Amino acid sequence: MLDPAPATADTGHESLWTYVACPTLVVDQTGAIRALSASAQELLPSAALGSQLEATVDWLSPVHMRLVAPSSVPTSRESFNAGGPVGGRKFEAHHATLPSGEVAWSLVEDTGHVLREAQYALTREHERAAFLLEASSVLMASLNIDRCREATVLLAARDLADAAVVVAPAGRGRRMPIFYCDHNGTVEQRSVDADPASVTGLSEALRGFPPVPSRWIDAATLPDWLIPTGFPAPVRSVMITPLPGHGVSAGALVLLRHAEEGEFSEGEEVLARLFAARAGAALSAARLYAEQAAITRTLMRDLLPPDLHPVHGIEFAGAYRASEDYEVVGGDFYDVHPAPTPDGETLVVLGDVCGKGLEAAMLTGKIRNTLQALTPLAADHHAVLELLNGAMLSTEHARFTTLVLASVANRDGSVVVRLTSAGHLPPLIIREGGRVEQADTFGTLIGALPEIHAQSFETTLAPGETCVLYTDGVTEARGGPLGDYMFGEERLAAALAECGGMPATAVVERVMMLATQWVGQQVHDDIAVVAITAPRRTHLSAVDGHTRGRFTA
């Protein structure tokens, strides 16, 4: 409840000013406060009856004294209105002259000023949010770590400072990769041999510690290697903030301002840290991707089929295509293990692991390593298959593989080929004149049953004749004019009949081209093809007939 006592020592209507809602002061001709409302008392705690207006509202006192001066002749009612701050808020003072000669001053808050400040703050916040959104989009668009560093300094120099520098953690030795960007948007990269501890806050930022406030950093002590080429000296203000990564610091961001620019404000430091967090996450993702890509390339070297070359005068060629265009390896594989001497047997292996993708490729790698270890036993195909079957049955997986082995050797000017299929499609042989035969070999697939049964097939290749090993990715490829027909063995045999006398490389390229055209853009299995061609320099008299297979085209 309000105190009913009058607000002045005089009796009369002065006590009514106490209950006026608007902050109001009644001031006499000497500048003394004669009455005030309760709201004015709350707004101006120092105001008291009898105190001078100058001690309470200093910007209002001069206006009041001009108003009450005997010589004052205002041209309008608003001529002596005034405005100024009170308690951090802006007010306008409107006057009313009382019959007693005293003046009642009403203080009205300038809400338009408050609204303008709020609108400015909202606009600024929208600009910051838009900048951070753009930064996230640009920084995460590339997984190349150098391009990500370039994008970081470009964005920072454009929106946060007059120039920006990204200092990356040193690799081996003390050389640090550093990226610079000046106010013109020119990016420069250097490798600097320097001690980051010589710069206040840089060593801490590189280790991921919280940033040192910019006001603590003396710009005059900044070394030349941390300033972009052509930056106008002197540097007025420096901000150094860490680029946080995933467990490991991604580096440090250094922002520079010219001498004519002001120092970094607290709000600008907050925005810089928000940007640095996004840049650090992008750089960390790029670094992890680079590491994983390097690991993948190292592993892929052992999983990818090898490039084939002539061995002891015999032509070998191979080609592979994974089931998906974005994959590099899969379940199909081939290898050639050269004979140690020209008259020895070179072992050729082509197989197809159940399934496709990376899991099949990993099992493929294990099978290839096992077969390489078994090459000393290559003269006995059955023994090799039994040992491989035992190895696959002992591992914890539910996959199996089909396989074909080919032992190839020069014998008295001819090329002798011994073929053994373990659940795999029998090879096709292109004879002189384009006649195609199917090798009479079959057997049990590997990794499914405890015992292996296989029948081998031996033949001789005349000069220019070719033995073709392939996986079911060729014959079972679906496509054609209607999109759902299998390529099939007959269509493959007809295509090979047109390859009589062609080099091994040309035969492989022909088969891969036809299979690729057949499937078009449709889903297909892994495809692998190997061709073995007898050298054309072999004398015809060395050929002593051919062993016919079960299929003749």
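Here are some friendly notes on this predicted model, point by point.

1. **The overall build.** Let us begin with the whole chain. The protein has 553 residues, and buried ones make up 47% of them. Its secondary structure comes to twelve helices and 23 strands, so keep both kinds of element in view as you turn the model, because helices and strands are counted here as runs along the chain, starting from the N terminus.

2. **Contacts and surface.** How much of the contact list comes from residues 24 or more positions apart? Among contacts with a separation of 6 or more, such residues account for 62%.

3. **Cysteines.** How many disulfides does a search of the whole structure find? The search returns zero. As a reminder, a disulfide is a covalent bond joining the sulfur atoms of two cysteines.

4. **A stacked pair.** The count of aromatic pairs comes to two. One of them joins F131 and F275, whose ring centres lie 5.5 Å apart with 25° between the planes. Why is this pair called stacked? The angle of 25° falls in the stacked class because planes under 30 degrees apart count as stacked. F131 belongs to helix 4 (residues 111–139) and F275 to helix 7 (residues 266–303), so the pair links parts of the chain 144 residues apart. Both partners are buried: F131 has a relative accessible area of 7%, and F275 has 0%.

5. **An edge-to-face pair.** F487 and W518 also form an aromatic pair, this time edge-to-face, with 5.6 Å from centre to centre and 80° between the planes. Find F487 in the loop between strand 22 (485–486) and helix 11 (489–497). W518 is in helix 12 (residues 504–519), and 31 residues separate the two partners. Are these two residues buried or exposed? F487 and W518 are both buried.

6. **Charges over rings.** While you have F487 on screen, look for R491, which lies over the face of that ring at 5.9 Å from its centre. Another arginine to visit is R190: its charged end sits over the ring of Y180, 4.0 Å from the ring centre.

Definitions and conventions:
Residues are numbered from 1 along each chain as its sequence is written. This is a predicted model: local features need pLDDT of at least 70, side-chain atom pairs count only at pLDDT 80 or more; totals for chains, interfaces and linings use all residues. Side-chain values use heavy atoms; hydrogens and water are left out. A disulfide is a pair of cysteine sulfur atoms within 2.5 Å. Rings of Phe, Tyr and Trp (its six-membered ring) pair if their centres lie within 6.5 Å; planes under 30 degrees apart count as stacked, over 60 as edge-to-face and the rest as tilted. Helices (H or I, at least four residues) and strands (E, at least two) are DSSP runs, numbered from the N terminus. Buried means under 20% relative accessible area, exposed over 50%, partly exposed in between (1.4 Å probe, protein chains only). A charge sits over a ring if NZ of Lys or CZ of Arg is within 6 Å of the ring centre and within 35 degrees of the ring normal. Contact means heavy atoms within 4.5 Å.
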